[in-house]
Amino acid sequence: MNIVTILMVLPLLVALTNMLTNVIKGLCDLFADHASLVAPTVAELLTLLATAAYLEIFSVTATWYWYAGGAVAGAVVAYVAMNGYDGLYEDLIKHMKGLAGGGNE
């Protein structure tokens, strides 16, 4: 899997996560009250299912690191679905400045 494929699939997973989360929140008040738990759960499930589908379609041997990478990608999908791409970009810049010794400006 190359980076172009990943960059094409992640926005689709974010859109699906947003749609499914809104549908699930509309099912009952319990889900609506705990939306901050529903979105990451949906994102992780969708991303791990997409990882498993990729492995099956392209006949790739399923090893632990594929699913570990899928879980990390699921966390990114969940973060973007809840905070948007701007929030991800701003947090990455803030943390990169901190790592580079840029200080807290």
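I started at the end of α3: just after this helix, Ser-59 takes a positive phi of about 50°. I use helix for a DSSP run of H or I of at least four residues, numbered from the N terminus. The model is predicted, so local features need pLDDT of at least 70 and side-chain atom pairs pLDDT 80 or more, while totals for chains, interfaces and linings use all residues. Residues are numbered from 1 along each chain as its sequence is written, and side-chain values use heavy atoms, with hydrogens and water left out.

**Ser-59**

I noted the phi because most residues other than glycine have a negative one. Ser-59 is found in the loop between α3 and α4. I looked up its accessibility: at 65% relative accessibility, Ser-59 counts as exposed. The cut-offs are under 20% relative accessible area for buried, over 50% for exposed and in between for partly exposed, with a 1.4 Å probe and protein chains only.

**Helix α3**

Next I checked the length of α3. Its 23 residues should span 33 Å at 1.5 Å a residue, and its end C-alpha atoms are 32 Å apart, which agrees. The expected span is 1.5 Å times one less than the number of residues.

Then I listed what is buried in α3: Val-38, Ala-39, Val-42, Ala-43, Leu-46, Thr-47, Thr-51, Tyr-54 and Leu-55. I found that the cover over these residues includes α1, α2 (29–33) and α4. Contact here means heavy atoms within 4.5 Å.

**α1 against α3**

I took up the pair α1 (residues 3–25) and α3 (residues 35–57). They pack at an angle of about 135°, with axes 9 Å apart. That makes α1 oblique to α3. Angles under 35 degrees are roughly parallel, over 145 roughly antiparallel, 65 to 115 roughly perpendicular, and the rest oblique. Axes are lines fitted to C-alpha atoms over the stretch in contact, with angles from 0 to 180 degrees between N-to-C directions.

I went through the contact residues. From α1, they include Leu-13, Leu-16 and Ile-24; from α3, they include Val-38, Val-42 and Leu-46. The contact divides into 11 nonpolar, 3 polar and 1 charged.

**Ala-73**

Last, I looked at Ala-73, which is in helix α4 (residues 64–99). At 22% relative accessibility, Ala-73 counts as partly exposed. Leaving aside neighbours within four places in sequence, Ala-73 is in contact with Leu-10 and Thr-47. I also noted Leu-48: its C-alpha atom is 8.8 Å from that of Ala-73, with the two residues 25 apart along the chain.

Methods:
Helix = DSSP H or I, 4+ residues; strand = E, 2+ residues; numbered from the N terminus. Nonpolar A, V, L, I, M, F, W, Y, C, P; charged D, E, K, R; others polar.
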